[in-house]
Amino acid sequence: MPSLTPASSVFNRREFLQSLGGSVAMAAVAGCSHPPQTQIVPYRRAPIGQVDGLPRFFATTLKRSGYAHGVLVENHMGRPTKVEGNPGHPASLGATDIFAQASVLQLWDADRSQTVLQSGDTASWEVFENAWLSRARQFDSTGGAGLRILTGTITSPTLAAQLAGLLRKYPQARWCVHEPVNTDNVRAGTELAFAMRLSPRLRLDRAKRVLALDADFLCDPAAGVRYAHDFAMARSPELQAGSPVRLYAVESTPTLTGAMADHRLALESRRVAGIARALAKQLGVNAPSENTLEPGLARWVKAVAADLQGHRGESLIVVGAAQPPQLHALGFALNVALGNLNRTVDFSELVESRPPDDYALADLAAEMHGGGLDTLLVLDANPAYDAPVDLMFVEALRRVPHVVHAGLYVDETAEHAQWHLPLAHAFEAWSDARAFDGTVSLAQPLIAPLYQGRSTHELLALLAGDDVLDGRALVRRQWQAALPDEASWTAALEGGLIADSSLPAHTVELHDNGLSIQTQPGPGEGSLEIVLAPDPTIGDGQWANSGWLQELPKPLTQLTWGNAALVSPALAASEALSNGDVVELTLAGRTVRAPVWVMPGQAHRTVTLHLGYGRRRAGHNADARGVDAYALRNLHALWGASGLAIRKTTERFELASTQHHFKMEGRDPVRTATFAGYERDPQQIRAGDVYPQKPPSLYPPVQPGEYAWGMSIDLNACIGCKACTIACQAENNIPVVGADQVRRGREMHWIRVDRYYEGPPENPRTYSQPVPCMMCEHAPCELVCPVDATVHDSEGLNLQVYNRCVGTRFCSNNCPYKVRRFNFLKYVDTDADTLKAQRNPEVTVRQRGVMEKCTYCIQRIATAHIEADKADRRIRDGEVITACQAVCPTQAIRFGDTQDPGSQVSEAKALARHYVLLEELNTRPRTGYLARLRNLNPELQDT
Amino acid sequence: MSQIGTASSATVSTWVSPQETATSVTQTIGAITLQRPFGWRWLAALVFAALLALLLTVGIGYLVATGVGIWGLNIPVAWAFAIADYVWWIAIGMGGTFISAALYLVRKPWRTSLNRYAEAMTVFAVSVSGLFPILHLGRPWFFYWLFPYPNVMNVWPQWRSSLEWDFFAIVAYLIVSILYWYIGMLPDLACLRDRAAAPGRARFYGLLALGWRGEARHWARFETLSRLLAGLAVPLVFSVHSMVALDFSEALVPGWHSTLFPPFFVAGALFSGFAMVMVLGIPMRHYLKLEAYITERHLANMAKLMLAVGLVVDYSYLADIFTSFYSMDRYEVAHTLNRLFGAYAWVFWCTILFNVLSIQLLWFRKTRASPAALMTISLGVLAGMWLERFMLIVTPLYEDFTPSAWGMYYPTAWDFAFLAGSIGLFLVLYLVFVRLLPVVSMFELRKLLHQLRERKDSASRSSSSDVPGRAARSHFKLPDSMASCGVLAEFDSADALRHAVGSVRRQMPQAQLEAYSPFPVEGLADSLGTYRDRIAPWMLLGAAAGGLGTLALECYAAGWNYPLNVGGRPPVSWPAFLPPAIEMTVLIAAVFGVWAMLRANALPRLRHPLFELVPFERASADRFFLWLPTAPAQFDEPLALLGTLSPLRLTEVSA
């Protein structure tokens, strides 16, 4: 797509409005200033024809670590404002992860790269094209000698074909994939086990017993949303009468998967393999006899092995990406031995496209250091920041005369590139990608590029001298065979994917069981180990400039705006460390300084540092924030290593946490039971209630309205991923307040996800609890407001009238659940023009000095009312879906009319495990909870 | 005399030095405002206070421009310093009202020297306190939304909120306090008007005095109003501090939700109020040389009162702790343990040190006799009471029901700036008051001295002399515009005036007499003939209108005009509607009373023929006058009659 805007480094209001005017939804409207050149197709369920003021939804695809996530993007008059999951997409099933939610903010991020840069100075695409033409002539003659291309993980068939074409044209050129948070070990494991590169796919919905070996499959970048859904379904006591899934986890640092486990072992990362081997022995997989496990662990393994053995064909062993290939091979071998192959796990041919010659980053770096390279194309990757530190990639970049960097941001790599080319955002470009199961997902632009960005396809076409340069045409050409006619193409675009394009299960044969894996004590045994893991909210660092993600409390630490070295309570005690103490972490001669966070459930000798922080050039939200864990990342110890030295300094750093107390203090906000106990005595959940029946009242009952909205949150399903928090933020125009305000306890999230611990700090039980407004029928907040700024409507909503609020804050003091949020300062950013375009026009932007809180997405209820009134019918159950409900991968949140006994929410509220928070206060909340249940192995002690 | 009926003369004599006379009282106290040059100490204190007040002004500007986020507030601790400041200041006000009103009602003579500055303290403290609830709002410029006013949106306040009740309470308290203080000052303002040498000052005090002349019937209505206002002010302060307490106990927050709070807050208010009376009085009596009026016995009495209410406060601490453990309520117990041992436990223990332990010294006569010790203890009590409010507000909030929401509160520099600045503003007001207005009620002191003499005289009748002396005679011609003529007799004592009134009434029953005195003389108005005093009925009418009217407005607004579901309560929640009605009962009654008094006394009347007469200016100080309006042709008879009554001077007035 040709550039819509003239060469200019400054994006002004006029151009911005022009871009808006030319947005895709207006494509059919004649007379618009800059309509895009192509036609895109709305999602099939959306109303036909644009109605001013009504949002339209378009199916498209977002990529995370290269893998496709199908989404529907809400468009208000051509402005993408909100992302929902695509119900028809296998990786989404209607839900999304936090990154998909944040992608809309990234689109409107004013820090995005806006123009072509030549050695840091503003240039234009024409100048670059001319410069490239002269280089291309040289490559034409040399066959591309000295040309190297570096990309992230690629699953896009179009891009893969383009790259293949380029490499055909320039046989001397080479292509290298660098993904800092990758699944290389999994792939190597399949190669080891099956002598083939394959992609494993979990069928958690079929599993009854799951063992996660250092595997956080619920947060898997490619399939976490789907896995979380399947897991929650397998765990539901209502759906799985009598036989819900039981999850065992062995992990070094607490993850959401570990927090969901019924039995969890906190074990150093390097000792996980020992567990696997002992398990192999128990399962009779030809294991050597030596047994190094201490008796407690041995008992644990024995019980787990027996349990897995008892569920042959419906058990599953998952190994984490950080574990070595041999352990993956062993895991595959065990799954084969348990008869799980093609039942709870199967393998497809590799979803990713890889360089045919396995040209690796280390090879590239060596060549670069050697000085023989002429041109390096860095396509949507940032090796200057995230390459292993021992490759000294920045040095290497200096030795390449022509570095061309294409990316969304002028980042650390762009800083060392002669050319920086702005890439189009995912919502601005045509593309495609494969989902975790291989399903081909199509991406269509929702808005013409705001700046001078072009898509990777367009860029590659340009570089390869392709005769087709238009993004849509490139993708269309790729699928011409599969979708020969316009009708099928349109249908695919409507659905966001090509139907039945998932890759079939591959027949596999075990070659190696991975038992060669080293489990003898290594040289570093006994020393501290460091675990380098992607950050839970900003991933490998590419999301670092997202205010939403920075301020989203990290699921298990509740930290915002930075990372910390997670240490076990025992290590903290022995090193006299407390939260915020700055330590020096030294690994292999390299040292970083990081504040400490004491992490219950952390393995004793493991220190965890999350990747993604310490960005040097990423935007105003990211720069100089947190600690750069890549500074400790070596090529041969990507995920951590033993031999860490820790030294306490006198320095302290105030970390910004949103929660400061993690014990339940006997107040049971999260009520729990075992599955067995609950089946025996369902009433035990509410046994302690003061008012088991309807609580008494001095006041006459209020006449019920047409509907009685209510919510039920299933704590047994909730994995604590916090997608609800960020979806709510996107839907309801919730401002970002910054680290300093978070430290002062002024975060604004309308639905927070609390985390509680129960049991010993070495390995506690961990609970997550989303807390929106409880919509109390006897609302304490309303009683104390002197100006009627918070009142009830006839349908039971506890309303907040921003216009009327004078800001006494008595309502918050009197809210026992503390769900109210106050604009202590002017938090809304009214200066950034692009952020204005992001906001949901259905939701008021709040001023300083007013209280705000969850409204049950009243704007969505109002929309449903209008639609129902137009058709002269009642609102159907499921017609109103709150933002938190929609995004939830595990469908833990149910919302609807509690007066209708057949509604989903009424059914949930009728369950014996339904309870409300602080019921003894007689506030009569409309938001209730379903108790968390644990599926304990009777052979194992409840830890 | 009823006021000293129960006290022996020996007791009374120690409330004011026996050498004092009406003349010396006027001289000494009047001189503070009229003559004493500005001392460097006063100036230094004013500059210091003004700088603090400037800090407050800057703070307010920054606050309004930026938001309450400049303070350390957060969720869960959404109230902290500013609300502690508010409660602290409004409580300090209560001590003044108690002294001026409650002790007046029970006729304690020793209040006489204290009530003026104590009441001034009340007015300033309440004014300063009133700033905080407004500044504390997220949007302070909309504070008037708490006031019910007709508007096209049919939007009304929410009458069930204790903040709404408190809004009415503060407004009523402030207005009634100002009225009570100001009306009580009229005779003294008149005195200063008559003493002021500089015309500008005379005009200033003249305007403020509203033309007060000290006529006997005016005094009678004035006294009626004072009694009734005092009778209203006492329940008002008790209700105001109950409302302040309800700002907390209406909530369900453990540590706030307590029926103990209203009496507890009233006791605490008295406690800190008395401490502030002490803190202001001890330096003032020293620097302004008021030892003759504010004696050590006054201080000792204040100390006893402070100890008494302090013990009530201490009992409340105990009761609060006992109740929470007795209830066995999980949240109450947790809160109490937090108070004793939690993150802010040091605040509690400081409170115990200042409010419980230090006041035990007051059991000893020696401590009570030492102004330095009393000053130290009182300053400690003021600090302790502020800390107590901080404890009561923050400790329940920082850890309440939901553990995940628990969080600490840390004050910012601006939190401290507003506290210091409010003290500065209060001191500025008080220092200006000391220079501008009489710090001791002169007319009440004169009355006290009169009563003291009267008892002495009745004990030794022999000292009174009945020998008629020769009265000085003078003529005075009024400007033509003042068509007023008659005879003015000047006497040196209330007895002489009363005697003269009796004689003239017997001899000339038709005469329209007017008697003027520098303090209210018992029975004088009645002896002048019947007069109308309809202040009480007017106040009853005002009370009914205020109370029933407010209740009617509340029911109309909440039940009929725009009914809303508030917390599942019925639209007409009449029990919750009572507090504003009670406050308005008092407020409107007080306003009606003041209006009725002024109207019956035909005030304000800044120009009056008698003001033209040179000797009359002592009517506001130490002389007693009888005015007998007579046509110039008939001057002889009254002159003859009055001449027999041993006046100091007789003045013939003609136009």
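**Surroundings of B:Ser620 and the build of chain B**

Beyond its neighbours within four places in sequence, B:Ser620 is in contact with B:Ala190, B:Cys191, B:Asp194, B:Arg195, B:Arg446 and B:Pro518. The model examined here is a predicted one. One of these partners, B:Asp194, is joined to B:Ser620 by a side-chain to side-chain polar contact of 2.6 Å. The side chain of B:Ser620 also has a polar atom 3.1 Å from the backbone oxygen of B:Glu617. With a relative accessible area of 9%, B:Ser620 falls under the 20% cut-off and therefore counts as buried. In the chain, B:Ser620 sits in the loop that runs between helix H20 (574–600) and strand E4 (624–629).

That loop between H20 and E4 of chain B also holds B:Pro604. The peptide bond leading from B:Leu603 to B:Pro604 is cis, with omega near -5 degrees. Another cis peptide bond links B:Ile75 to B:Pro76, where omega is about 25 degrees. B:Pro76 belongs to the loop between helix H3 (40–66) and helix H4 (81–105) of chain B.

Stepping back to the whole chain, chain B comprises 21 helices and five strands. Its C-alpha trace spans about 95 × 60 × 45 Å along the principal axes. Among the contacts in chain B with a separation of 6 or more, 84% come from residues 24 or more positions apart. The accessible surface amounts to about 25100 Å², and carbon and sulfur atoms supply 66% of this area. As for charge, chain B carries 48 positive and 41 negative side chains, with 6 Å between the centres of the two sets.

Positive phi values deserve a brief look as well. B:Ser646, though not a glycine, has a phi of about 45 degrees. This serine lies in the loop between helix H21 (636–643) and strand E5 (649–654) of chain B, and B:Ser646 is partly exposed at 37% relative accessible area. In chain A, A:Ala576 has a positive phi near 55 degrees. A:Ala576 is placed in the loop between helix H19 (569–574) and strand E22 (581–587), and its relative accessible area of 47% makes A:Ala576 partly exposed.

The C-alpha atom of A:Asp872 is 70 Å from that of A:Thr649, a residue 223 positions away along the chain.

Definitions and conventions:
Residues are numbered from 1 along each chain as its sequence is written. Chains are lettered from A and ligands numbered from 1 in the order in which they are written. This is a predicted model: local features need pLDDT of at least 70, side-chain atom pairs count only at pLDDT 80 or more; totals for chains, interfaces and linings use all residues. Side-chain values use heavy atoms; hydrogens and water are left out. Helices (H or I, at least four residues) and strands (E, at least two) are DSSP runs, numbered from the N terminus. Contact means heavy atoms within 4.5 Å. Accessible areas come from the Shrake-Rupley method with a 1.4 Å probe; for residues, only the protein chains shown count as cover. Lys and Arg count as positive and Asp and Glu as negative; His and the chain ends are not counted. The place of a charge is taken as NZ of Lys, CZ of Arg, CG of Asp or CD of Glu. Buried means under 20% relative accessible area, exposed over 50%, partly exposed in between (1.4 Å probe, protein chains only). A polar contact is a pair of N or O atoms within 3.5 Å; within protein, one must be able to donate a hydrogen and the other to accept it, and residues adjacent in sequence count only if both atoms are side-chain atoms.
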